[in-house]
Amino acid sequence: MLTTILTKVALPLSLAIIMLGMGMTLVPADFGRIIKYPKGVLLGLTNQLVFLPIIGFFLAWAFNLDPTMAVGIMVLAACPGGPTSNLITQVSKGNIALSVTLTAIASFVSILTIPFVISYALNYFGSGSDIMIKLPVLDTILQIMVITVIPISIGMVIRRLKPDFANKMERPMRIASTVIFILVFIAVIAANFKLLGEAMKKVGPVTLILNVVTMGLGYLTAKLFRLNLKDAISITVESGIQNGTLAFVIATTILNNIEMGIPTGAYSIWMFVTGGILMWTLGRRKNLEPNTNP
């Protein structure tokens with residue numbers, strides 16, 4: 001019961017509030033720069049939709065995971081970034097517009113890529129190749145709209161109409177976002193303590209490596225293509241922070257296998273930890289370079 005309230009009510013509501021605050025830091029020109037300089041979007045999508053599943057597959061194979069855990073890893077790796085990545089990017093002073101854009105585009109594209117990736121994983125690892133995978137397309141779109149797009153749009157309207165109020169609220173909202181992040185993290189751990197303990201025993205090292213490697217790859221590729229620090233932060237976060245809620249729904253509802261959701265539980269711990277470290281270290285920085293790229 002408590003877990004249901006947290007995942008179905010508290011977490012989406014808290015994220016929507018965070019997105020509202022995030023919107024008050026954005027103006028339409030932030031998204032205009034992304035259209036003018038699309039390199040960050042293309043790089044972020046490539047990392048998330050191509051390299052992440054490949055790395056997940058390699059780790060599942062290299063660690064010789066049993067079929068259930070291996071497919072669970074692939075379910076997670078196939079999912080896009082979630083609203084949590086936008087929060088971490090905001091507090092870490094990354095390019096919020098780029099983060100939101102990557103989350104939105106990846107969420108829509110993954111409707112096509114998730115069935116392909118998971119079907120291949122089921123066939124390769126031998127864990128029920130007859131299962132047909134069909135994502136709840138309408139529900140996924142509505143989730144994106146309600147939790148991210150609508151609150152951010154409202155925040156941008158507030159900034160447009162009341163710029164002084166929006167500027168005054170930027171620091172309080174960033175602090176509130178951090179507090180909400182910590183409280184939700186603690187609540188999720190408390191409500192799922194037994195499951196998370198089992199998850200860390202079975203796939204703790206694998207999920208930690210997956211998280212660190214994908215985030216590291218995001219940062220390295222961003223610097224390789226000479227993106228600025230704010231864009232590099234966004235791509236780093238988007239590469240390693242996955243939509244755990246969607247992954248858990250796919251494992252437990254579509255694949256009808258609770259055990260396949262175990263890797264998502266372990267990964268969620270690590271991504272909250274690494275995301276928290278980024279927020280703590282990067283959020284205190286001053287005078288970051290502007291959101292422009294040559």
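**Packing of H4 against H6**

Modeller: H4 passes H6 in a right-handed crossing, a term used when the near helix is turned clockwise from the far one by less than a right angle. This is a predicted model, in which local features need pLDDT of at least 70 and side-chain atom pairs count only at pLDDT 80 or more, while totals for chains, interfaces and linings use all residues. Residues are numbered from 1 along each chain as its sequence is written, and side-chain values use heavy atoms, without hydrogens and water.

Colleague: Are H4 and H6 roughly parallel or roughly antiparallel to each other?

Modeller: The axes, which are lines fitted to C-alpha atoms over the stretch in contact, with angles from 0 to 180 degrees between N-to-C directions, come within 9 Å for H4 (residues 67-78) and H6 (residues 96-125) and cross at roughly 165°. Angles over 145 degrees count as roughly antiparallel. H4 and H6 are therefore roughly antiparallel.

Colleague: How many residues of the contact of H4 with H6 are nonpolar?

Modeller: With contact meaning heavy atoms within 4.5 Å, Pro67, Ala70, Val71, Met74, Val75 and Ala78 in H4 meet residues of H6 including Ser110, Ile114 and Phe125. Ala, Val, Leu, Ile, Met, Phe, Trp, Tyr, Cys and Pro count as nonpolar, Asp, Glu, Lys and Arg as charged, and the others, Gly among them, as polar. The contact has no charged residue and one polar residue, and the nonpolar residues number twelve.

Colleague: What share of the residues of the protein counts as buried?

Modeller: The secondary structure comprises twelve helices and zero strands, where helices are DSSP runs of H or I with at least four residues and strands are runs of E with at least two, numbered from the N terminus. Buried means under 20% relative accessible area with a 1.4 Å probe, counting protein chains only. Of the 294 residues, the buried share is 53%.

Terms used
Parallel < 35°, antiparallel > 145°, perpendicular 65-115°, else oblique. Buried < 20%, exposed > 50% of the residue type's maximum accessible area, 1.4 Å probe, protein only.
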